[in-house]
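Here is a short tour of the salt bridges in this structure. Have the sequence and the model open as you read.

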Amino acid sequence: MAAQNGVAAAAEFQKLIDHPGIVLNQPIGSLAHLELGRAYALSGDNVKALASYEKFLTLWKDADPDIPVLIAAKSEYAKLQ
């Protein structure tokens, strides 16, 4: 993501999602869906970006609504729609 290469970033975040045993129940597992959505958005694939954001928001549906990353994700998701 730092290199502004959405395709390469998406591939790396997909690895985390494909291998949940790596992250177990750590927050990085669900955050990988958010970052995957951001990577897809950066690469211009809004359909896949929306799906990844929706997965993240579903995983975080019971989270405290004042968490900054959740607020940012909801805002980014709304802009993609």
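**Salt bridges in the helices**

Let's start with Lys15, which is partly exposed at a relative accessible area of 45%; buried means under 20% relative accessible area, exposed over 50%, and partly exposed in between, with a 1.4 Å probe and protein chains only. Please keep in mind that this is a predicted model: local features need pLDDT of at least 70, side-chain atom pairs count only at pLDDT 80 or more, and totals for chains, interfaces and linings use all residues. Residues are numbered from 1 along each chain as its sequence is written, and side-chain values use heavy atoms, leaving out hydrogens and water.

**The pair in helix H1**
- Lys15 joins Glu12 in a salt bridge at 3.1 Å, N to O, where a salt bridge is a side-chain nitrogen of Lys or Arg within 4 Å of a carboxyl oxygen of Asp or Glu.
- Both residues belong to helix H1 (residues 6-18) and sit three residues apart, about one turn of the helix; helices (H or I, at least four residues) and strands (E, at least two) are DSSP runs, numbered from the N terminus.
- Glu12 is also partly exposed, at 45% relative accessibility.

- Glu35 and Arg38 form a salt bridge at 2.7 Å, N to O.
- About one helical turn separates these two, three residues apart in helix H3 (residues 27-43).
- Arg38 also bridges to Glu76, with the closest N and O atoms 2.8 Å apart.
- Because Arg38 lies in helix H3 and Glu76 in helix H5 (residues 68-80), this pair ties together parts 38 residues apart in sequence.
- Glu35 is partly exposed at 21%, and Glu76 is partly exposed at 25%.

**The total**
- The count comes to four salt bridges.
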